[in-house]
Amino acid sequence: MKILLNILGIIVILALMFAISYNRKAIDKKQIIKALIVQFIIAALIVKLPAGRSVISSVSDAVAKVLGYGSEGIQFVFGSLGLSSAPTGFIFAFQTLGNIVFISALVGVLYYLGILGFIVSKIGWVLGKAFKTSEVESFVAVANMFLGQTDSPILVSKYLNLMTDSEIMLVLVSGMGSMSVSIIAGYVALGIPMESLLIASTLVPVGSIIISKIVCPQSDKVNEIDEVKMDRKGNNENVIDALSAGAMDGMQMAMAIGAALIAIISIVALINGILGNFGLSLEGILSYIFAPIGYMMGLDGGNILKAGELLGSKLVLNEFVAYGKLAPILAGMDQRTALMLCISLAGFANVGSIGMCVSGISILCPEKKSTLARLGVRGMIGGFSVSLLSALIVGLLMLI
């Protein structure tokens, strides 16, 4: 029964994307089918195959070790406040947001040295050849495995004005359906398993192609670019400058997340205070609205409503709020349920991300501001669907 529900869920997701498509007749069915097959193969390799699970586990351990070094800087600046084992206990602002500064600085250095660009270009080239997507959009889709939704387009900023609507849609979907390495550090600090986040990130590029090419298929002529060269240095003069810029970006990111969470959680409390007079709560309402998704995941009993609540919180509020609710109850869940929920909540797709993407990318290419605004809402829905599709595929494979 669960297998049939997962298959139904995948069909429903694809059908919804078809329903909101800008040009249904232009959808390249062969491209979508090929991408779906590849997505299943990738998921099987990292979830079912022992060697694949071993690689994910090894990478997870390595990344976790790197993240651990961030606590050294946090403890130096904030003392015992940077230790969850201290009498003060867990403090989100220091132990979660603080690590974002370190990872952002590290990513800035890797970005400047061209290491990230090299990885992105190689994987992007393979994707482009396999699915006949342009180099520019393929590079951005892959870059979103590492960088943020407004950071990855910087790699190819000089080509943005040449991109078609379909290419822009892939940029939006992959951006809102992904997680930056800097933010992953925050999720891990909350208690979300690194392995689950790595699986979700690995499935983003191909999943984004599937969703975006249904929502906005390539119908316009693609502008030919002889050789796509990614901008890896930006305005940085040297490695130290790149490290400093990354640290400042991380600080701004951490402050923005902290401010958003204070506002969101307080407003939710206010709304619940009002709804409480009628015996209702925002979480309760969201749990019923999104419960059908939990049902199609093949979850058991109360987990269906809990999945609805978490998915609603992720879309309406943000993924930090959703992961904050998920982390304390993960230990009481079976492996499949826990992994599916971790993957389904991954990504920046929420209502607030639309404005961030439109304004952030518009700075790089003002000529595309109207296009970004027009595609923004469907891009957000597409990004949300990327995570759901990945979760359903992984859940299905775990049943076989």
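**Salt bridges and their partners**

Reply: Lys 325 is partly exposed, with a relative accessible area of 22%; here buried means under 20%, exposed over 50%, and partly exposed in between (1.4 Å probe, protein chains only). The model is predicted, so that local features need pLDDT of at least 70 and side-chain atom pairs count only at pLDDT 80 or more, whereas totals for chains, interfaces and linings use all residues. Residues are numbered from 1 along each chain as its sequence is written, and side-chain values use heavy atoms, with hydrogens and water left out.

Lys 325 forms a salt bridge with Glu 309, the closest N and O atoms being 3.6 Å apart; the term denotes a side-chain nitrogen of Lys or Arg within 4 Å of a carboxyl oxygen of Asp or Glu. Because Glu 309 lies in helix α15 and Lys 325 in helix α16 (residues 319-326), this pair ties together parts that are 16 residues apart in sequence. Helices are DSSP runs (H or I, at least four residues), numbered from the N terminus. Salt bridges with shared partners join Glu 283, Lys 306, Glu 309 and Lys 325 into one network.

Glu 309 is buried, at 13% relative accessible area, while Lys 306 is partly exposed at 25%.

The structure holds six salt bridges. Another of them pairs Asp 165 with Arg 374, with 3.0 Å between the closest N and O atoms. Asp 165 belongs to helix α8 (residues 165-176) and Arg 374 to helix α19, so placed that the pair links distant parts of the chain, 209 residues apart. Arg 374 is partly exposed, at 44%.

Notes:
Helices (H or I, at least four residues) and strands (E, at least two) are DSSP runs, numbered from the N terminus.
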